[in-house]
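Work through the exercises below with the sequence and the 3D view open. Try each task before you read its solution.

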Amino acid sequence: MSIGPLAGKIAAVNPRLVTRVLLVVIIVVYATIGVLYAALTPVWQVPDEPAHYNYVRALGDDRELPVIEPGDYDQAYLGRLTADGFPPQLSIEPLEYEDHQPPLYYLLATPIYRLFEGAVLPLRLLSVIFGVGLLMVAFGTVKAIFPTQPALALMATGLIAFIPQHVAMTAGINNDALAELFVGGTLWALVVYVRGGSERPWRIGLLLGAALLTKVTTYMIVGVALMAVVIRGWQKRRTWKWAVGQWAWMILPALLISVPWFIRNGLTYGWADPLGMMRHNAIVEGQPRSNEYVALYGWGGLLRQMAHTTFQSFWGQFGWMGVVLPATIYRALALFSALLVAGFLWWLFDRRRPRLNPAQRASLTLLSLTFVFTLLEFLGYNLTFVQHQGRYLFPALVPIAMAAALGLDRLAKVLPWRARALADAVPFAGLAALDVYCLFRFIIPFLTR
């Protein structure tokens with residue numbers, strides 16, 4: 001890995017130690033910035049935070065799972081709250097439109113709610129902890145695919161750590177960070193599996209069950225797991241009988257964990273709605289619908305707005321999408337993104353690079369499927385609602401960061417070796433600085449009332 005002359009001498013003695021030190025540095029810097037965001041972002045100024053908090057409060061105070069009901073979403077009242085900066089005289093208690101969500105995150109958050117008497121900061125810090133976990137599994141996933149290139153794992157981890165919007169979301173009260181952690185953890189386990197892991201993959205089943213109980217956006221990882229069995233079976237020339245047995249090892253533990261939740265939903269919302277999503281979609285009246293947008297602006301207008309807003313909000317559009325950064329910052333991020341894409345395509349079609357072995361090809365196929373399934377979920381959701389929020393792509397951050405790391409590494413190779421470490425480090429130092437700049441220059445001033 002390119003880490004400069006002095007670090008290179010250390011690496012020659014103990015490269016694993018250098019890698020671990022750099023990983024710890026990334027995690028510590030992320031955790032520090034995450035704590036700052038959790039402590040200083042004005043209360044309720046993370047998207048949907050009041051509704052997630054009310055779910056935790058229902059478990060902590062009422063000691064029962066909430067049920068999403070008519071009246072739990074009031075677009076006019078929510079608009080007034082966000083416009084006025086959530087003034088103390090306006091209660092957040094009516095915001096209960098997340099009550100359909102799977103319960104695992106909220107069950108984990110409930111003891112913290114009770115211990116700290118409902119304080120917001122400890123609940124936000126729980127999400128930061130989950131964010132740290134995601135960095136560790138992201139590093140492990142990429143390292144498992146490219147064990148001789150730890151710089152790739154460090155770069156992928158650094159990108160995930162310092163995307164400003166991701167930092168903001170993992171410093172709020174929501175189930176996003178835990179969902180991403182389980183997706184990343186399952187993906188890591190699947191990479192190990194296709195590389196020759198145990199043929200009794202019940203642990204993967206446990207991870208799948210946990211994902212099913214965390215957030216609906218994680219459900220695509222089940223499809224990735226099923227495809228992992230097909231890929232391994234094809235590589236090893238196994239039979240369909242073998243594949244069915246492998247699927248059973250994965251699916252049965254997942255069902256044992258999650259079926260009680262689906263039965264509860266069937267009894268509550270009807271057997272045609274085991275996820276509670278039909279009830280949710282019927283209740284969120286007033287939320288902008290895609291067909292209404294198309295009627296006004298056409299498909300071209302919808303697609304242009306989707307691309308524009310999704311890009312901005314992937315990198316940073318804070319509060320309830322109301323705090324937009326200056327155009328110069330977005331242009332710089334667009335240039336950075338274009339370079340990463342160009343570098344990745346160069347790596348992908350470079351005939352001179354070392355050929356991937358079968359295990360690497362299988363692993364990268366799984367990462368590609370994770371990205372494609374997440375993108376399809378995002379597009380499908382936006383066929384119903386106008387929700388052009390880049391954060392809905394965050395379940396695919398591991399494959400996105402992997403591609404970005406490959407691109408950055410490919411671009412850095414054209415530089416003299418003494419300059420490569422600088423090229424590797426500067427983007428992530430810049431993103432970390434941008435995180436702090438966004439917090440103090442935009443989030444606090446524009447969202448504080």
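## Exercise 1: Aromatic pairs

A search of the whole structure finds 17 aromatic pairs. Rings of Phe, Tyr and Trp (its six-membered ring) pair if their centres lie within 6.5 Å; planes under 30 degrees apart are stacked, over 60 edge-to-face, and the rest tilted. The model is predicted: local features need pLDDT of at least 70 and side-chain atom pairs pLDDT 80 or more, while totals for chains, interfaces and linings use all residues. Numbering runs from 1 along each chain as its sequence is written, and side-chain values use heavy atoms, without hydrogens or water.

**Solution.** 
1. Helices here are DSSP runs (H or I, at least four residues), numbered from the N terminus.
2. Both Tyr53 and Tyr113 are buried. Buried means under 20% relative accessible area, exposed over 50%, and partly exposed in between (1.4 Å probe, protein chains only).

**Task.** Classify the pair Phe442 and Phe446.

**Solution.** 
1. Their ring centres lie 6.1 Å apart with planes at 15°, so the pair is stacked.
2. Phe442 and Phe446 are four residues apart in helix H18 (residues 417-447), about one helical turn.
3. An α-helix has 3.6 residues a turn, so residues three or four places apart point the same way.
4. Phe442 is buried at 5% relative accessible area. Phe446 is partly exposed at 45%.

## Exercise 2: Charges over rings

**Task.** Over which ring does the charged end of Arg441 sit?

**Solution.** 
1. Apply the test: NZ of Lys or CZ of Arg within 6 Å of the ring centre and within 35 degrees of the ring normal.
2. The charged end of Arg441 sits over the ring of Phe442, 5.1 Å from its centre.
3. Arg410 also passes the test: its charged end sits over the ring of Trp346, 4.4 Å from the centre.

## Exercise 3: A threonine in a loop

**Task.** Is Thr41 buried or exposed? Which residues does Thr41 contact?

**Solution.** 
1. Thr41 lies in the loop between helix H2 (15-40) and H3.
2. With a relative accessible area of 9%, Thr41 is buried.
3. A polar atom of the Thr41 side chain lies 2.7 Å from the backbone oxygen of Tyr37.
4. Leaving aside neighbours within four places in sequence, Thr41 is in contact (heavy atoms within 4.5 Å) with Leu36, Val46, Arg124, Leu439 and Ile443.

## Exercise 4: The core

**Task.** How many residues has the largest nonpolar core?

**Solution.** 
1. A nonpolar core is a set of buried Ala, Val, Leu, Ile, Met, Phe, Trp, Tyr and Cys residues joined through side-chain atoms within 4.5 Å.
2. The largest nonpolar core has 128 residues. Those with the most contacts inside it are Tyr37, Tyr105, Phe146, Leu159 and Phe162.
3. Helix H6 (residues 120-145) gives the largest share of this core, 14 residues.
4. Leaving aside neighbours within four places in sequence, Tyr105 has contacts that include Val56, Leu123, Phe130 and Leu178.

## Exercise 5: Helix H16

**Solution.** 
1. At the start of H16, a side-chain oxygen of Asn357 comes within 3.1 Å of the backbone nitrogen of Ala359.
2. The buried residues of H16 include Ala359, Leu366, Thr370 and Phe378.
3. Among the elements that cover the buried residues of H16 are H6, helix H9 (176-194) and helix H14 (290-315).

## Exercise 6: Positive phi

**Task.** Where is Arg63 found, and what is its phi near?

**Solution.** 
1. Most residues other than glycine have a negative phi.
2. Phi of Arg63 is near 60°, a positive value.
3. Arg63 is found in the loop between H3 and helix H4 (75-84).
4. At 61% relative accessibility, Arg63 counts as exposed.

Key:
Helices (H or I, at least four residues) and strands (E, at least two) are DSSP runs, numbered from the N terminus. A polar contact is a pair of N or O atoms within 3.5 Å; within protein, one must be able to donate a hydrogen and the other to accept it, and residues adjacent in sequence count only if both atoms are side-chain atoms.
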